[in-house]
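Please read it with the structure open.

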Amino acid sequence: MLVAGEGEWMNTSENIVELDDVRVYFPVRRFLSVAGYVRAVDGVSVVINRGETLALVGESGSGKTTLGKSTIGLVKPTSGKVLFDGVNIAELDEKQLKKLRRKAGVIFQDPYSSINPGFTVYRAVEEPLVINRIGDSKERRERVFRALSDVKLNPPEFFASKYPHMLSGGQRQRVAIARAIISNPEFIVADEPVTMLDASIRVEILLLLREIQQKHGLTILYITHDMATAKYFSDRLAVMYAGNIVEVGPTKLVLKDPKHPYTQALIEAVPEPDPRNRLGLRKVVPGEPPNPANPPSGCKFHPRCPQFIKGKCDLQQPNSLKLADGREVSCFLYDRGP
Amino acid sequence: MMRLKPLLRYKSSLVGVGILCFLIILSVYTVATLPFEEAARLWRAGELTWLDNPRNALPAWVNFFSPTKLPETLILNTQKPGPDVIKVSVRAGENIKISRVEMNFRYGFDDFPSEINLFFTSTYRTSPPQLTISWTKPDGTQIPLRRMTIAREDRFYISSDTVLSTELNQLMENRLGRKPAYTVPTSTILFGPFDETLLNPESVKVVKGDYRLSVEGLLFEPEADFDVKLVVYGKVYGWAGTDHLRRDIGIALLWGTPIALLFGVSAAVSIALIQMTIGAVSAWFRGGVDTVMQRITEVFLVLPFLPVLIMVSTLYKVNIWVILLIVVFLSSFGPGVKNYRALFLQLRESPYIEAARSYGAGDLRIVVIHLIPRVLPTMIPSVVLSAADFVFLEAALAILGIGDPITPTWGKVIQDAFYFGALFKGHYYWVLIPSALLAATSISFALIGFALDKIFNPRLKEV
Ligand SMILES: Nc1ncnc2c1ncn2[C@@H]1O[C@H](COP(=O)(O)OP(=O)(O)O)[C@@H](O)[C@H]1O
Ligand SMILES: [Mg+2]
């Protein structure tokens, strides 16, 4: 079932971020020469719709963080185009980029090191406003306190004077969220925001993110390696493997009926919520993730793929195919064309 | 500022802060009361300025700790007449005038004076005054010292005059009927008893009591006049004693304090700031800039520090601030650069730096607001500690002769002491007081530095 040109109904105002064949290669230096490139992101085309939560799922090292950073210009793509709110980031100078970043916020994985340990909570949350010269100090004060109560750090006056080391991991991540939303962004990159936290508070933080998203009408790129949280938290799901997005689609559909063999393997690896099955053997995706500096030829997943087609998968790279229900998948199993 | 309060919690750092405060107060006092030009002039003035001081005198406070009291210097001057200094003039003819000077003083010390000198000034047109000088002991014995014609500026070194010494020894021989085994010093004869004990230099005692020096002057012009100054030099002076040139060592030690502190602190601070800047630039720009900086650092690391300094100071006349500049220059690419660079390289990868960039912070802001304040905690204690090193370095350079010839410093005093054999001659005070000041300074910096380290880098406490 292939419907070409399905995406044409979208226009730029609908997409907050649009990536077109983005590649990010990091040079590997040995002594003074470049010995090769790590292909952290290797040809990704994806759109993020306004107001949705897109989960980016993949194993560690698959390039999720790099892709997330490239959406807001924190890393420069080696090739390809990044449109943020319809503007090509590569064409912006430093000043314009700074202005554009005001529309975006980032929540990093490690709440212990993503806040300057020498800053009070107040200073940390206020800094984006200071840098972007938003408001006078009174106005900024109000906004900081409002953001702190938005993230449920109550009373805000109490938390404002604390240093990060006086707070728990969950509280710090709330501070990081407050800092990310302080300048009223439209788009937030949440890079594994709950991975470093205790399991008991993960849900709380995700619920908080959802609440803030609804309150402010935010678009969130939720990066995770954990299919379980992606399932509860996202509208759409993008599965990343070795620098490529192998499958994108509405979360429910993808989870119910995964098309790509890698997605299928990932979903099978999710631990059962049913406690009776907890102790049973957990399946993991068999094999090793590829070396991003020297990826396999053809489809990068083919050495681990249970449905590997010899003479095809190891020679050619599959194209992204758009399926009827708004899904895309890059796999020869669905490519009936020549 | 708030983080410095715990300094007073540690006993050791309290001592350090105490010493440092004392040194700072001493510096402020010095700068406020004795202008530098004046101190430098006094220090280089030569013996004429210091003529009234004893040579190589001990500090005065040694008398507090010793049962025998060493003499202090007594000065009697007809220009400052008083009950002890009487000058009477009588006309003895049309052109002749007789002036009689009597100087009475009580000598109550347990040791003989180190020297006795007379200084004269006189006014006349053609005929100089003629003086007859005599000495009266407490028991009334009168000893004629000399009859002399004085020039406008003249002196009579009573204790070192060889003619007088021979006469007095002869006089003594006649009195006692025995010849002493050695030439008895004039000051011993003048201040000692006229008996057998005078022959034993070890046990001879001072006769305490009222002494008198009389000068009878014959003036041959109606307008002619003269003044006399008697200096009975003691063996103690001031709080730091005097050196071989009769200079008050206290002046050099006083001025040495602000200079040592300024030298140590400014060297430490500027070197740390320069090294930090180089490290930061190296780590921030990486690539070619980094490579060049690192190679320069390596060259500087193997550059022999002392020989370069010695070479520069032999070729050029350097003052202390030029030495400071050279020290700063030679250390600016020191090992600290590598440390700071490593620190910055580690810090620049911190997620909070990336976070700052994500909400639009520029390079300058990141370096100034986020990076440098993170480095300061590790920097401040080591700066304080190294200040002590530089205080010592300045002293060591001065002792090696690589010093400022003008500025009085602790190191200069120690150098003089060594050069003129202070330890060999037993003038321990000459070396010990400046050394104690040096030690106190570095101990105070060390104590404060260690405490700051505990405060700023609390993790070290557990190690
Ligand atoms: N700044 C960088 N320099 C060199 N290699 C990098 C850099 N950032 C990421 N990489 C490499 O790119 C690959 C993808 O990294 P990343 O985007 O962090 O993956 P993920 O977030 O999915 O774990 C990894 O192999 C990583 O080592
Ligand atoms: Mg990551």
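The points below cover the ligand site, the aromatic pairs and some backbone details.

1. Every value below is computed from it, so please read each as a property of the prediction.

2. The ligand shell. Start with the residues around ligand 1. They are Phe26(A), Val38(A), Ala40(A), Glu59(A), Ser60(A), Gly61(A), Ser62(A), Gly63(A), Lys64(A), Thr65(A), Thr66(A) and Pro292(A). By class, four are nonpolar, six are polar and two are charged.

3. Elements behind the shell. Two elements of chain A give two or more residues to the shell around ligand 1: strand E2 (33–49) and helix H1 (64–71). H1(A) gives the largest share, three residues.

4. Phe26(A). This shell residue is found in strand E1 (residues 15–30) of chain A. Is Phe26(A) buried, partly exposed or exposed? Its relative accessibility is 34%, so it counts as partly exposed. Tyr222(A) is 196 residues from Phe26(A) in sequence. In space, their C-alpha atoms are 23 Å apart.

5. Over all chains, a search of the whole structure finds 22 aromatic pairs. Take Trp61(B) and Phe65(B). Their ring centres are 6.3 Å apart and their planes meet at 80°, so the pair is edge-to-face. Trp61(B) is partly exposed, at 38% relative accessible area. Phe65(B) reaches 67% and counts as exposed, because the cut-off for that class is over 50%.

6. How are the rings of Phe105(B) and Phe191(B) arranged? Their centres lie 6.3 Å apart with the planes at 50°, so this pair is tilted. The pair links distant parts of the chain, 86 residues apart. Phe105(B) sits in strand E3 (residues 97–107) of chain B, and Phe191(B) in helix H5 (residues 186–191) of chain B. Both residues are buried.

7. Arginines over rings. Chain B has Arg146(B) over the face of Phe156(B), at 4.8 Å from the ring centre. Arg348(B) lies over the face of Trp284(B), also at 4.8 Å from the ring centre.

8. Val62(B). Look next at helix H3 (residues 62–65) of chain B, where Val62(B) is found. Its relative accessible area is 18%, and it is buried because that class takes in values under 20%. Val62(B) and Tyr237(B) are 175 residues apart along the chain. Their C-alpha atoms are separated by 9.9 Å.

9. A cis peptide. Most peptide bonds are trans. The bond from Asn154(A) to Pro155(A) is cis, with omega near -5°. Where is Pro155(A) placed? It is in the loop between helix H4 (137–150) and helix H5 (156–160) of chain A.

10. Positive phi angles. Most residues other than glycine have a negative phi. Asp85(A) has a positive phi of about 55°. It lies in the loop between strand E4 (79–84) and strand E5 (87–88) of chain A, and it is partly exposed, at 23% relative accessible area. Glu192(A) also has a positive phi, near 45°. Its place is in the loop between strand E7 (187–191) and helix H7 (199–216) of chain A. Glu192(A) is buried, with a relative accessible area of 8%.

How values were computed
Residues are numbered from 1 along each chain as its sequence is written. Chains are lettered from A and ligands numbered from 1 in the order in which they are written. This is a predicted model: local features need pLDDT of at least 70, side-chain atom pairs count only at pLDDT 80 or more; totals for chains, interfaces and linings use all residues. Side-chain values use heavy atoms; hydrogens and water are left out. A residue is near a molecule or strand if one of its heavy atoms lies within 4 Å of it. Helices (H or I, at least four residues) and strands (E, at least two) are DSSP runs, numbered from the N terminus. Ala, Val, Leu, Ile, Met, Phe, Trp, Tyr, Cys and Pro count as nonpolar, Asp, Glu, Lys and Arg as charged, and the others, Gly among them, as polar. Rings of Phe, Tyr and Trp (its six-membered ring) pair if their centres lie within 6.5 Å; planes under 30 degrees apart count as stacked, over 60 as edge-to-face and the rest as tilted. Buried means under 20% relative accessible area, exposed over 50%, partly exposed in between (1.4 Å probe, protein chains only). A charge sits over a ring if NZ of Lys or CZ of Arg is within 6 Å of the ring centre and within 35 degrees of the ring normal.
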